[in-house]
Amino acid sequence: MKSGKIGVQMFNLKNKIDELGVYETMKKIHELGYRYVEVTQVQMTEENVSELRRASLDFNIKVAAISAPLDSMPGSQGESLTADFDKIVSDCITLDCNFIRIGMMPVNLMGDKIKAMEYITEAEKMAERLKQHGIELYYHNHHIEFEKYDGKCLLDIMREQTSNLGFELDVHWAQRGGANPIDVINRFAGRVSLIHLKDYRIGPIDLGDLRDMSDFMSKFTGNIEFAELGTGNLDIKGIMEAGMKAGVQYFLIEQDDTYGRNPFDCLKDSGDYLRQLGYADLF
């Protein structure tokens with residue numbers, strides 16, 4: 001039996017949750033053969049938390065992680081670890097979940113090393129506080145964390161200046177940031193229990209009016225797609241093997257945009273590809 005489990009990051013399914021509700025969405029995840037989920041884009045109302053727990057028990061689905069920001073984004077009305085600590089801890093207990101992940105840093109801090117690291121210092125303090133409740137805090141990267149300062153990317157600076165905070169590595173965004181995802185996983189061994197799996201695909205270009213070169217260049221440089229596993233150019237098998245060696249507990253399939261396809265179909269395709277690679281025993 002290989003270490004690590006394969007599951008679903010529910011960002012893919014936010015529209016399905018709106019359409020079907022939490023319980024029926026979880027039922028469909030179960031029917032697709034998945035038994036682990038990371039919860040995001042779900043309002044953690046009393047009703048939804050109850051429905052998550054009911055579906056978890058009825059369909060034998062483990063809630064691997066839930067999502068919460070350190071502080072609410074400007075203009076956001078959602079919960080945050082700073083303002084709603086006791087409630088979020090209670091949700092973790094209800095759902096038998098010991099991982100919380102921060103989806104991204106506030107947009108107003110991006111590109112400013114000093115402000116970003118002040119934020120990470122606060123996240124480290126929150127991770128230490130959560131640790132007392134048996135809960136681990138993880139930070140999810142995008143491409144912005146691969147900006148370099150004095151020759152070192154921000155994500156590595158974050159790792160070096162923290163010890164309690166874990167990292168949820170997103171392999172597509174690492175590639176988009178100009179890094180080799182396998183190299184990043186290797187560097188973060190022991191600090192990465194969660195990985196977001198999505199492929200990195202070069203999509204078609206609608207050239208439009210070639211007389212407008214600014215429009216052409218925008219399309220020419222912006223045709224990178226979030227892809228079903230096996231349809232892009234990432235070394236998914238290498239990523240899986242590196243992740244298991246690094247101590248990853250959950251590999252969570254995500255696709256930020258499915259370009260009009262039913263997200264359940266995309267999850268089926270990605271799952272089928274991982275089974276073809278030999279990882280059927282991780283589902």
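Let me begin with the term cavity: on a 1 Å grid over the protein atoms alone, a cavity is a set of points where a 1.4 Å probe fits but cannot get out, whereas a pocket is an open set with protein on both sides within 12 Å along at least five of seven lines. Lining residues have an atom within 4 Å of a point. Grid points are joined across faces, edges and corners, and a volume is the space filled by probe spheres set on the points.

This is a predicted model, in which local features need pLDDT of at least 70 and side-chain atom pairs count only at pLDDT 80 or more, while totals for chains, interfaces and linings use all residues. Residues are numbered from 1 along each chain as its sequence is written, and side-chain values use heavy atoms, with hydrogens and water left out.

How many cavities of 30 Å³ or more does the rule give? The count is one. The largest cavity has a volume of about 40 Å³, and its lining consists of Met105, Leu109, Met110, Gly111, Asp112, Ala116, Ile144, Glu147, Tyr149 and Leu154. By class, that lining holds seven nonpolar, one polar and two charged residues; here Ala, Val, Leu, Ile, Met, Phe, Trp, Tyr, Cys and Pro count as nonpolar, Asp, Glu, Lys and Arg as charged, and the others, Gly among them, as polar.

I turn to the pockets. The largest pocket has a volume of about 750 Å³. Its lining comprises 31 residues, of which Thr40, Gln41, Ser67, Ala68 and Pro69 lie nearest the centre. Strand β3 (62-67) and helix α4 each supply at least two residues of this lining; helices (H or I, at least four residues) and strands (E, at least two) are DSSP runs, numbered from the N terminus. The lining divides into eleven nonpolar, 13 polar and seven charged residues.

The second largest pocket holds about 160 Å³ of space. Helix α1 (residues 14-20) provides the largest share of its lining, three residues. By class, this lining has two nonpolar, four polar and five charged residues.

Next, the helix packing. The axes of α3 (residues 46-59) and α4 (residues 85-95) come within 9 Å and cross at roughly 20 degrees; axes are lines fitted to C-alpha atoms, for helices over the stretch in contact, and angles run from 0 to 180 degrees between N-to-C directions. α3 is therefore roughly parallel to α4, a label for angles under 35 degrees. In contact terms (heavy atoms within 4.5 Å), Val49, Leu52 and Arg53 of α3 meet Lys87, Asp91, Thr94 and Leu95 of α4. The residues of this contact are three nonpolar, one polar and three charged.

Finally, α2 (residues 22-31) packs with α3 at an angle of about 25 degrees, their axes 9 Å apart. These two helices are therefore roughly parallel to each other. Their contact has six nonpolar, three polar and four charged residues.

Definitions and conventions:
Angles under 35 degrees count as roughly parallel, over 145 as roughly antiparallel, 65 to 115 as roughly perpendicular and the rest as oblique.
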